[in-house]
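Here is a protein model to explore from the inside out. Have a look at it first, and then we'll walk through some of its details together.

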Amino acid sequence: MKRIVLCIIIIAVIICFGTFSLIYTSSVTGSITRDLEQLQTDFRDGDFEAARACAERINNRWESFCRLHFLTADNEHSLEVTMTAKRIESLLEREDEEALTECGVMLELVKVYEREQMPSIMNIL
């Protein structure tokens with residue numbers, strides 16, 4: 001009987017941890033998506049300082065997210081998002097139009113990352 005109760009407690013803890021992790025992932029990816037859209041708007045309007053501030057905020061948020069999600073199973077995808085964020089910051093320093101393209105790429109990468117983290121039979125198995 002003690003084993004059954006212990007198993008139920010362990011399963012409940014795993015489910016709670018997974019739920020909070022999913023909520024946190026959705027929150028971070030949503031805020032990064034909004035910031036990327038704002039960055040694109042600022043860049044098109046010629047407000048490069050605001051665009052750089054957005055890029056720095058995005059990069060800091062993603063790095064802190066990666067530090068907290070050290071058990072993530074999709075390290076390659078996470079690394080690709082990190083590299084794209086750094087590339088955007090570099091392009092914004094030079095005020096290069098390619099930054100808009102990289103923002104679009106990062107938007108897609110973040111959306112794909114979020115979809116891959118959603119519970120599915122493949123994630124569970």
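## Before we start

This is a predicted model, where local features need pLDDT of at least 70 and side-chain atom pairs count only at pLDDT 80 or more, while totals for chains, interfaces and linings use all residues. Residues are numbered from 1 along each chain as its sequence is written, and side-chain values use heavy atoms, leaving out hydrogens and water.

## Helix α1 beside helix α2

Let's begin with α1 (residues 2-45) and α2 (residues 48-68), whose axes come within 8 Å and cross at roughly 165°. That makes the two helices roughly antiparallel, a label for angles over 145 degrees. Axes here are lines fitted to C-alpha atoms, for helices over the stretch in contact, with angles from 0 to 180 degrees between N-to-C directions. Helices themselves are DSSP runs (H or I, at least four residues), numbered from the N terminus. The crossing of α1 past α2 is left-handed, meaning that the near helix is turned anticlockwise from the far one by less than a right angle.

Which residues of α1 and α2 meet? On the α1 side they include Tyr 24, Val 28, Ile 32 and Phe 43, and on the α2 side they include Phe 48, Ile 58, Trp 62 and Phe 65. Contact means heavy atoms within 4.5 Å. By class, this contact has 15 nonpolar, three polar and four charged residues. For the classes, Ala, Val, Leu, Ile, Met, Phe, Trp, Tyr, Cys and Pro count as nonpolar, Asp, Glu, Lys and Arg as charged, and the others, Gly among them, as polar.

## Helix α1 beside helix α4

Helix α1 also has α4 as a partner: their axes come within 10 Å and cross at roughly 170°. These two are therefore roughly antiparallel to each other, and α1 passes α4 in a left-handed crossing. Among the residues making the contact are Leu 22, Ile 32, Leu 36 and Phe 43 of α1, along with Leu 100, Met 106, Val 110 and Tyr 113 of α4. The contact divides into eleven nonpolar, seven polar and two charged residues.

## Aromatic rings

How many aromatic pairs does a search of the whole structure find? The search turns up five. Rings of Phe, Tyr and Trp (its six-membered ring) pair if their centres lie within 6.5 Å, and planes over 60 degrees apart count as edge-to-face. Trp 62 and Tyr 113 are edge-to-face, because their ring centres are 5.4 Å apart and their planes stand at 80°. This pair links distant parts of the chain, with Trp 62 in α2 and Tyr 113 in α4, 51 residues apart. Trp 62 is buried at 0% relative accessibility, and Tyr 113 is buried at 1%; buried means under 20% relative accessible area, exposed over 50%, and partly exposed in between (1.4 Å probe, protein chains only).

Tyr 113 also forms an edge-to-face pair with Phe 65, at 5.9 Å centre to centre and 85° between the planes. Phe 65 is buried too. Together, Tyr 24, Trp 62, Phe 65 and Tyr 113 form one aromatic cluster.

Is Thr 84 buried or exposed? This residue of helix α3 counts as buried, because its relative accessibility is 0%. Thr 84 touches Glu 102, Val 105, Met 106 and Leu 109, not counting residues up to four places away in sequence.

Glu 95 sits in the loop between α3 (75-93) and α4 (98-117). Its phi is near 55°, a positive value in a residue other than glycine. Glu 95 is partly exposed, with a relative accessible area of 40%.

Key:
Angles under 35 degrees count as roughly parallel, over 145 as roughly antiparallel, 65 to 115 as roughly perpendicular and the rest as oblique. Rings of Phe, Tyr and Trp (its six-membered ring) pair if their centres lie within 6.5 Å; planes under 30 degrees apart count as stacked, over 60 as edge-to-face and the rest as tilted.
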